[in-house]
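Here is a short briefing for someone meeting this structure for the first time.

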Amino acid sequence: MRNIFLIARREYLERVRTKAFIVSVVLFPVLMALCVAVPAYIASKGAGQKNIVFVTDDAVLGQALVGELASDKDTREMSVTVDAPAESLRPQLNEQVQTKKIDGYLWMGDKPAYYSNSAGDLELVGTLEDALQRALAHQQLGGHGVSSAEVHAIFAPVHIDMRLVRNGMGANALSTYIAAIVLMIMLYGSLMFQGNAVSQSVVEEKTSRIFEVMLAMVSPKEMLAGKLLGVGAVGLTQVSIWLVAGVLLSSPGVAMMHASSEYTFHLSAWNVVTFVICFLLGFLFYSALAAMLGSMVNSNQEAQQLSPFINMPLILCVLLFQAVLSDPSGRWATILSLLPPFAPLLMYLRIMVQTPPVWQIALSLVLMLGGVWLVIALASRIYRVGILMYGKRPTMPELLRWLKYS
Amino acid sequence: MHWEPTQYLDQPMKIVQLNRITKKYDTKIAVQDLSLEIEAGTMFGLLGPNGAGKTSTIRMMIGMTLPDTGSVSLFQAPFTRKSLQRVGYLPEERGLYKKMKVIDQLVLLGQLRGLDAAAAEQRGRRWAERLEIADSLDKKTDELSKGMQQKIQFIATILHDPELIIMDEPFSGLDPVNTILLQDVLVELKNQGKAILFSTHHMEQVEKLCESICLVNGGKGVLSGSVREIKARYPRNLLRIHFEGDDKFLSHPMIAEAKNYGGNAEIHLKPGADPQQILSAAMANARVDRFELMEPTLEDIFIQTVGGKTDA
C-alpha cells in the first residue's frame, strides 16, 4: 500500500505542476463559456444596423412595414426607406448594394423579392416576411373594420415556457438541457484527456526503461494501481475545479448579471455527486484500457494510432447525445445507457434530463462496476508482460498467450 | 523456513542460489537449466555475449519474471518480494524520470526501498558528494549527461545499503576517471561484506574485479567457478615477447598463431609446445627485452569455450 501511495503521489505532483494541466483547467471552461456566450452575443447584437430599401407603389403598406419592424423588439435595428417602383431605380439600387451603401432592397411586385449580396441572411428575410405578413394583415383586416389595437392583440407573439416537473419543483427545461450538454462534454473531455495521459505516461516509462528500475522494487500491479490512482486524482482535481467554477457561475448572484437571464446554468448537489461517480467509473474503465494499450506499444505515435479503438464508445456517445436528449427513455437510449462502455456518459445524460427508474440506475452501476473489474483484471495481465516487451507490437494470439503467463 | 544461524558461522552466507532455472518465451529459450551461487563478500561476474540470457537471468533473480522451472533463493530462503528491500539493481538501460528533479528521484527510490524521506535525502546527498556529482542534485534528470545519469542511477542502486547489489554494465558511458571512482566504491562495498553481481561482456573488467564467474552462452551456463580455478584448468599457452630485430621466429612450428604489433608479439602456442624453444629461436636473430608466459585471459577461455562465436 505504501508503494502504491508513493507512486500515486509522484504521479499526481508531477502532473498538476505541468503547464498542460493548468492550461486544460483554465482553458476548457473558458472555451465552453465562449461556445455558449459567443453565439448568444452575436444573435442578440446582430451585425449592427441594417439599411434596407423597401420598393413599393403602396406608400401606406410601406409605412406599415416600417412600423411593424420598429415595434418588433427581437429584430435587430433596421433603417427602412420606402421608394416607388420604377425600372430606372433598379440599376441605382443594385449599385448601392454593390458599394455597400445599403444592405439590400425588398422589391414588392406580384411576388416580393429581397435582393442583396449576402446569401446567408436567412434570419433577416424571415424577419421581413413576418413583418410584411403582419403589415398586409393589418391592411386587409383594417379594410374589414377591425381596429388596429385588435389586430395587434391577434398578432402578439406567444412564448411557451418549458419547465420540468422534478421533486415537486419546476425547473427550467432549457437550462437543464444546456447544463446536461455542458456537463457531458466536460465528462467526455476529461475522460479522453486523462486516458490519453495514462497511455502516454506508460509509453514514456516503457521507452525510458523506468520499469526496469521500478520493477526491482514494486510489482506491476502496484505500478498500475499507483498510476491509475495518481492520474485519477489529477482528473478529479480538474473536474472539481470545473464544477466549482460552474456552481459559482450558476449561483443566483452571478446569474442576475447574465445578460440573458433565460439561460441560467443550474447545478444541483445530485448533479455533482452523479458527475463524480460517473467520472470515477468511466476513468477507471477507460484508463485501465489506455494503460494496457500503452504497455503494448513502443512509441507515442503507435499509441495514438490505436487509441481511437479504445475511445470509440466515448466518441459514439457524443454522436448519440442529441438522440438521447430528444428521447431519454427510448429503447436504444435505455439499452446503451446500461452497458458499461457507454454508461458513464449516457446514463449521466439521462439522469440529468429525466431521472430514469431507480432499477435502471442501479443496474447500470452494477454492470459498470463489473465492467471496471473485468477491464482492470485484463489490463493488469497484459500490462505486466507488455511493459518488459520491446520490439514489434504483439499480435492477437500473442496477447492471448500473455493473459496466460504466470 | 527456519535454520540455526550458528550453522553458517564458518562459511559465508549464500546470498543468491539459482537452482536449474529455465525460462522460455514462446519458442525462444532465454535461459536453460542454469545454476549459480553468489556468496556474501564476493564479486561475481555474469559473462556472456549480448543475448546470451544475462538479463533474463537477473530478471528471474529479482522476481521480475518467474522461471518456468527451477528455483530461486535469496538470502538462503525461497524468493519473496519482501527480500527486494535488501537488493539493489542497476539495469543496463538508464531508467530515470526525465522531468523529475534528481534529488526527488533519489528520495522516491529510497522510499520505495523502505527508507523514510529524510534518511533517503541525507544518504543521497552523502553519496552524491562522494561521487562528485552534488551540484546536479537540484537539476532535472534530462539536463544531465549520460555519464552523470549513470552515476545517479548508481547512487539510487546502493542508497538503501543493500546486501545484494546487481550491476548490469555499470560502467557503460563513463570515462576512465569515473569508472575507477565507481570501481573503488564497489570494491569497498564488497569488503564490507556485500555480494555483488556484475553482468557484462567486458572480460577485462571481470578479470580484474571478480572472484567467481558464470559464463553463459545461448541461455546455458557453459563455465562457472572461481576465476583462479578456471584459469588453472587451461594451459598457459600465450606468450608475449617484446623484441627488436628479425621476426622470422614467429613462423616456428610450435606456434599456432602469432600477431606482431610492431615488436610486441602475442603468440598462441600449439598444445605441448615448449616456450623455452621459442625464446631461443627469438634470441637467435633478435634482441628480446621482455618475455612473458601469460595466464589465459577470460576472453581466450571464453572464445575457446563457445567456439569463437561471440558478437560481444
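How many helices and strands does the secondary structure of chain B come to? In this predicted model, the secondary structure of chain B comprises 9 helices and 14 strands, whereas chain A has 16 helices and 6 strands.

**The two chains**

- Chain A has 406 residues, of which 34% count as buried, and in chain B, with its 312 residues, buried residues make up 37%.
- Among the contacts in chain A with a separation of 6 or more, 73% involve residues 24 or more positions apart; for chain B, 68% of the contacts between residues at least 6 apart in sequence join residues at least 24 apart.
- The C-alpha trace of chain B spans about 70 × 45 × 45 Å along its principal axes.

**A sheet in chain B**

- In chain B, 4 strands form an open sheet in the order β12-β13-β11-β14, and the pairing is antiparallel.
- The edges of this sheet are taken by β12 (255-260) and β14 (286-294) of chain B, and because each has a single partner strand, one side of each is left without a neighbour in the sheet.
- From one strand to the next, the twist averages 20°.
- Strand β11 (residues 238-245) of chain B is joined to β14(B) by 8 bridges, and these two strands run antiparallel; within this region, B:F243 stands opposite B:V288, which belongs to β14(B).
- Helix α8 (residues 275-285) of chain B packs on the sheet and touches β11, β12, β13 (264-269) and β14 of chain B, while its direction makes about 165° with that of β14(B).

**Where the chains meet**

- The interface brings 20 residues of chain B into contact with 16 residues of chain A.
- On the side of chain B that touches chain A, β6 (87-90) and α2 (102-112) of chain B each supply at least two residues, and the largest share, 3 residues, comes from α2(B).
- The residues on that side of chain B divide into 12 nonpolar, 2 polar and 6 charged.

**Confidence in chain A**

- The mean pLDDT of chain A is 80, and 84% of its residues reach 70 or more.
- Over residues 255-262 of chain A, however, the pLDDT is below 50, and this stretch has 9 contacts in the model beyond near neighbours in sequence.
- Where pLDDT is low, predicted coordinates should not be read in detail.

Key:
Residues are numbered from 1 along each chain as its sequence is written. Chains are lettered from A and ligands numbered from 1 in the order in which they are written. This is a predicted model: local features need pLDDT of at least 70, side-chain atom pairs count only at pLDDT 80 or more; totals for chains, interfaces and linings use all residues. Two strands pair if DSSP finds at least two bridges between them. Axes are lines fitted to C-alpha atoms, for helices over the stretch in contact, and angles run from 0 to 180 degrees between N-to-C directions. Two residues are in contact if their C-beta atoms, placed from the backbone, lie within 7 Å. pLDDT is the predictor's confidence in each residue, from 0 to 100. Ala, Val, Leu, Ile, Met, Phe, Trp, Tyr, Cys and Pro count as nonpolar, Asp, Glu, Lys and Arg as charged, and the others, Gly among them, as polar. A residue is buried if 20 or more other C-beta atoms lie within 10 Å of its own, exposed if 12 or fewer, and partly exposed in between; C-beta atoms are placed from the backbone.
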